[in-house]
Amino acid sequence: MYKFSKNQRDIFLSGNMGLEREALRVDQHGLLAMTPFPEKLGDKVNNPHYTVDFSESQLEIITSVKHSPRELYNSLLNKTHYANQVLGQESLWPFSKPGKLPREEEIPMASFPDPQFKSKEMYRRGLVRRYGSYMQMISGIHYNFSFTAEQIKVLLSITGYSHSDQLYLALSRNFLRHRWLFILLFGASPVAHKQYIDSQSHRIA
């Protein structure tokens, strides 16, 4: 087993990383908020930190690129705090599976009035036809990562690979090998509303 030097360990505690957190906006009763994207969060098309996912009620919070887990966590925490302040009487549903939902046809799909963004609405309508609106209401966290130049240099020297593409392919193979564990640890929702389970029973049985 390769033994990292202290300098190499410090290098591997850094990286280029970012988070995208999806969360449903809900009212004081825990029901899906039917209000439009909050204007105080800016333009949902051009704002680099706040936008919508499938639904107008599905807020997406995006961090900028950070170089340590602590920086990344604090960035998401601060942006979430700000969003909560802006939401006022509404709040962010904390689970990946939604709570009680209205009828599928009543779920507000994200709207983009500007004609140049109509393709975004067309894409969402396609999702509804193929999978239904309920399936799109699952919300989670996307983790984005890329090696720094220093990390690539160290890894190439250790592995004997000649190009960074080989490193990413090896990383992908290892992820696929252990994905069952990642899904078990990070992909399991502790709760799901009975209505949602019943509506998706043909897909999750």
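Predicted model: local features only at pLDDT ≥ 70, side-chain atom pairs only at ≥ 80, totals over all residues.

Reply: Residues are numbered from 1 along each chain as its sequence is written, and side-chain values use heavy atoms, without hydrogens and water.

Me: Which residues of helix H5 are buried?

Reply: An α-helix has 3.6 residues a turn, so residues three or four places apart point the same way. In H5 (residues 149-159), the buried residues are Gln-151, Ile-152, Val-154 and Leu-155. Seen down the helix axis, they fall within an arc of 165° and so line one face of H5. Buried means under 20% relative accessible area, exposed over 50%, and partly exposed in between (1.4 Å probe, protein chains only). The arc is taken from the directions from the helix axis to the C-beta atoms. Helices (H or I, at least four residues) and strands (E, at least two) are DSSP runs, numbered from the N terminus.

Me: What lies on the face of H5 turned away from its buried side?

Reply: That face carries the exposed residues Ala-149, Glu-150, Lys-153 and Ser-157. Just after H5, Gly-160 takes a positive phi of about 85°.

Me: How many residues of strand S1 are buried?

Reply: In S1 (residues 16-26), 9 of the 11 residues are buried, so the strand is largely enclosed by the rest of the structure. S1 pairs with S5 in the antiparallel sense over 6 bridges; pairing requires that DSSP finds at least two bridges between two strands. Arg-21 has Ile-141 of S5 as its bridge partner.
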